[in-house]
Amino acid sequence: MEIKVKNIEETQVAYISVTGSYEQLPELFGEVVGYVMKENLQITEPPYGIYFNSPMEVPHEDLKYEVGIAFTGNANGEGRVKIKKVPAHQTVSAVYKGPYGQAARVYQALIEFAMNNGYEIEGAVKEIYLNNPMEVDESELLTEVQFPVMKK
């Protein structure tokens, strides 16, 4: 696994913040991507999820997360879909290949890399879904895992 430090430019995202089970993820991704397409906005990156706590720490109904997608264009949001700018930042990043539920294997390696290279983790983990589970076998799914970091 190759771990990189990446500089992420400011981006504008359409997103939905949620508390509840991960079972609603497919519906949420459909809702946010559907909004961006309906508004004729230009998608600039694959969809993502940011996970603020873990199913190993809290009951499934208390999971807090955000799903979204980066875009260019003008939008105000609608219903549960909100719009925000994500400021430029640095991340430690690696790409995981395999089922979504096992991408967390990468988390510890990224945390150790950050600590061993003079970085502090500055926020929640982000998973960027690089291909479509409707188009490839789950063993071929690619997920970029990122932690925002700051040099100590």
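This report walks through the fold, the cores and a few individual residues of a predicted model.

## The chain as a whole

Let's start with the overall layout. The chain holds two helices and ten strands, and from the N terminus on its elements run β-β-α-β-β-β-β-β-α-β-β-β. The C-alpha trace spans about 45 × 30 × 30 Å along its principal axes. A compact globule of 152 residues would have a radius of gyration near 15 Å, and the value for this chain, 15 Å, agrees with that.

Of the 152 residues, 38% count as buried. The accessible surface comes to about 8,700 Å², and carbon and sulfur atoms account for 51% of that area.

In soluble globular proteins, nonpolar side chains tend to be buried together. Here, the largest nonpolar core has 32 residues, and the members touching the most others are Ala14, Ile16, Tyr35, Val36, Tyr65, Val67 and Leu110. Two or more residues come from each of these elements: strand S2 (11–19), helix H1 (25–38), strand S5 (64–72), strand S7 (89–97), helix H2 (105–116), strand S9 (125–129) and strand S10 (142–151). Helix H1 gives the most, with seven residues.

Setting aside neighbours within four places in sequence, Val36 is in contact with Ala14, Leu41, Ile43, Ile69 and Phe71. There is also a second, separate core of six residues, with Val13, Tyr15, Tyr48 and Ile50 among them.

## How the strands pair

Glutamate 127 takes part in both pairings: it is the bridge partner of glycine 49, and it stands opposite valine 145 in S10.

## A covered strand

Is S9 buried or exposed? The strand is mostly covered, with five of its five residues buried. The cover applies to both faces: Val125, Glu127 and Tyr129 lie on one side, Lys126 and Ile128 on the other, and all of them are buried. Note that this list includes Glu127 and Lys126.

## Helix H2 and its two sides

Which residues of H2 are buried? They are Val106, Leu110 and Ala114. Seen down the helix axis, the buried residues fall within an arc of 70 degrees, so they line one face of H2. An α-helix has 3.6 residues a turn, so residues three or four places apart point the same way.

The cover over the buried residues of H2 includes S7, strand S8 (119–121) and S10. On the face turned away from the buried side sit the exposed residues Arg105, Met115 and Asn116. After the helix comes glycine 118, whose phi is positive, near 80 degrees.

Threonine 11 is found in strand S2. Its relative accessibility is 15%, so threonine 11 counts as buried, the cut-off being under 20%. Apart from neighbours within four places in sequence, threonine 11 is in contact with Glu45, Ala70, Lys84, Lys85 and Val86.

Valine 95 belongs to strand S7. Why does valine 95 count as partly exposed? Its relative accessibility is 42%, which lies between the 20% limit for buried and the 50% limit for exposed. Not counting residues up to four places away in sequence, valine 95 touches Leu130, Leu142, Thr143 and Glu144. Tyrosine 22 lies 73 residues from valine 95 along the chain, and their C-alpha atoms are separated by 21 Å.

Conventions. Residues numbered from 1 in each chain as written. Heavy atoms only, no water. Core = buried A, V, L, I, M, F, W, Y, C linked by side-chain atoms within 4.5 Å. Buried < 20%, exposed > 50% of the residue type's maximum accessible area, 1.4 Å probe, protein only. Helix = DSSP H or I, 4+ residues; strand = E, 2+ residues; numbered from the N terminus. Contact = heavy atoms within 4.5 Å. Pairing = 2+ DSSP bridges. Arc of directions from axis to C-beta. Rg over C-alpha atoms; globule rule 2.2 N^0.38 Å. Areas by Shrake-Rupley, 256 points an atom, 1.4 Å probe, with all protein chains shown as cover.
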